[in-house]
Amino acid sequence: MAEEAAIIARVLASPLDVDAAAWNALLAQQSHPTPFLRHEYLAALHESGSATPRTGWTPRFMTLWEGNTLVAACPLYLKNHSYGEYVFDWAWASAYEQHGVPYYPKAVVAVPFTPVPGARLLARDGGTRALLLQAVRQWCEQEGVSSVHMLFASGDDVQSGAEQDWMLRHTVQFHWKNAAPTLGTGVFSLPQAGEGPPASPGRGALAALGRPGGGSNHFTDFDHFLASLSQDKRKKIRQERRRVAEAGVRFRWSRGADISAADWDFFYRCYERTYLEHGNPPYLTRDFFARMAAHLPEAWLLFVAERDGRPIATSLIAIGASPSGGNGLKDQNLVAYGRYWGALERVDCLHFEACYYQPLQWCIDHGVQRFEGGAQGEHKMARALLPVQATSAHWLAHPAFADAVERFLEREGAGVEGYLQELQARSPFKTVA
């Protein structure tokens, strides 16, 4: 109690108000850090105009201090819409509106536009993490905020939310692991430490279904990876890769500071065009990526597709340390994250080559342990990205709506569990005797 009394909460109006070194030091202590919660990434979102009050993301970063020492912190945004979150609550907002109850502003503990599971509550220990979550809720109650949504959280963060009776919501993502299957089912049944959140209370262990391999043997090359797949999946991938090659498309890649300014410019042309073709402006500005190149270059890997000596498409991959990495990281302790892509010309199967096969081949060649393909898309299973469970935690201030949402989440959770089991039965890997 004496220790808790000495901890002071401060709400900051900008990520720039937080010392970068102190923030990153806390992030490095977490079981599931990602590059998307580094101070450089969040500051670039703010300074580039990508995530600001103008775009509906009003920062109110929660920090806990013991004297002059930052002991806990989290990104907290007030939202007047639900875009850029990837955990969809439009039906909740509609129900509030139909009953004359304001849903916005709401609060999110999240990384804007980034559905990548990882640490959200940066804390020196479990007790401080609990205090941080309490501070977020208390501040939102005082401000009259309708709800708080901690999106794509780590297992530690979800556990803290569950202990404080936050409601858990499960979704499905598709990830690839650099290990040949060793189990009879061809799948790995439980996540590695820090790779996934716990299941909701009373539901038993998390079913992170379909992680390939139970051992640590990495694939030696792309053919070794293909040999682990069932015949039809292996044939399909070879056909798709052949179509791209026969169209005269060749790829090159650059990493970190080796990505040229011209390549960054071309990437943004492709990225912007892809969004505009779908009828929306891109979430991220060109200035955001300029800041990434300047302040966080080590986090990026760029693939450029060329035909007849001209660039025609790109895919941008993020690179980050795995929880077991520690200091002095080598590639085998890294995780790759599929993020953005775009093309100026249409080539059959080019998307699959740029976004899956080239990154997977790079991961195999460099001993990278995991590639996270992101949210949604059952088509990823045919490329050996297998379903895993991602979890968010939610608190609603209105008791009646909280009860209704809890009942909805129970039904939805059962559906997600059944969906995962259905997907597991469709594993693309060969059954190993």
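Predicted model: local features only at pLDDT ≥ 70, side-chain atom pairs only at ≥ 80, totals over all residues.
**Entry 1: helix α6**

I began with helix α6 (residues 155–163), where G155, D157, V158, S160, G161 and A162 are buried. Buried here means under 20% relative accessible area, exposed over 50%, and partly exposed in between, with a 1.4 Å probe and protein chains only. Helices (H or I, at least four residues) and strands (E, at least two) are DSSP runs, numbered from the N terminus. I then looked up what lies over those buried residues: the cover includes α5 (126–143), β8 (147–150), β9 (167–177) and β15 (386–396).

Residues are numbered from 1 along each chain as its sequence is written, and side-chain values use heavy atoms, with hydrogens and water left out.

**Entry 2: the whole protein**

I counted 12 helices and 15 strands in the protein. Of its 433 residues, 55% are buried. Next came contacts, meaning heavy atoms within 4.5 Å. Among the contacts in the protein with a separation of 6 or more, 76% are between residues 24 or more positions apart.

**Entry 3: α8 against α11**

How are α8 and α11 placed relative to each other? Helix α8 (residues 231–246) packs on helix α11 (residues 350–365) at about 110°, and their axes are 10 Å apart. The axes are lines fitted to C-alpha atoms, for helices over the stretch in contact, and the angles run from 0 to 180 degrees between N-to-C directions. So I can call α8 roughly perpendicular to α11; the classes are under 35 degrees for roughly parallel, over 145 for roughly antiparallel, 65 to 115 for roughly perpendicular, and oblique for the rest.

I noted the crossing of α8 and α11 as left-handed, a term for a near helix turned anticlockwise from the far one by less than a right angle, with right-handed for clockwise. From α8, the contact takes in I237, E240, R241 and V244, and from α11 it takes in L350, F352, E353, Y357, Q358 and Q361. I sorted the residues of this contact of α8 with α11 into five nonpolar, two polar and three charged. For that sorting, Ala, Val, Leu, Ile, Met, Phe, Trp, Tyr, Cys and Pro are nonpolar, Asp, Glu, Lys and Arg are charged, and the others, Gly among them, are polar.

**Entry 4: α9 against α10**

I moved on to α9 (261–277) and helix α10 (residues 286–295), whose axes come within 10 Å and cross at roughly 145°. The crossing of α9 and α10 is right-handed. On the α9 side I listed A261, W264, D265, F267, Y268 and Y271, which meet R286, F289 and A293 of α10. The contact of α9 with α10 has seven nonpolar residues, two charged and no polar.

The loop between β10 (249–255) and α9 holds A257, which is exposed at 72% relative accessibility.

Most residues other than glycine have a negative phi, and most peptide bonds are trans. I looked for exceptions.

- Y86 is not a glycine, yet its phi is positive at about 70°. Y86 sits in the loop between β5 (77–79) and α4, and is partly exposed at 28% relative accessibility.
- A384 has a positive phi near 70°. This alanine is in the loop between β14 (370–375) and β15, and is buried at 0% relative accessibility.
- The peptide bond from Y104 to P105 is cis, with omega near 5°. I placed P105 in the loop between α4 (90–98) and β6 (106–109).

**Entry 5: V18 in its loop**

Is V18 buried or exposed? V18 is buried, with a relative accessible area of 3%, and its loop runs between β1 (7–12) and α2 (20–28). Setting aside neighbours within four places in sequence, I found V18 in contact with L12, W23, H39, F61, T63 and L70. The C-alpha atoms of V18 and A73, 55 residues apart along the chain, are 9.1 Å from each other.

**Entry 6: cysteines**

How many disulfides are there? Taking a disulfide as a pair of cysteine sulfur atoms within 2.5 Å, I get zero. I also looked up two cysteines: C270 is buried at a relative accessible area of 0%, and C363 is buried at 1% relative accessibility.
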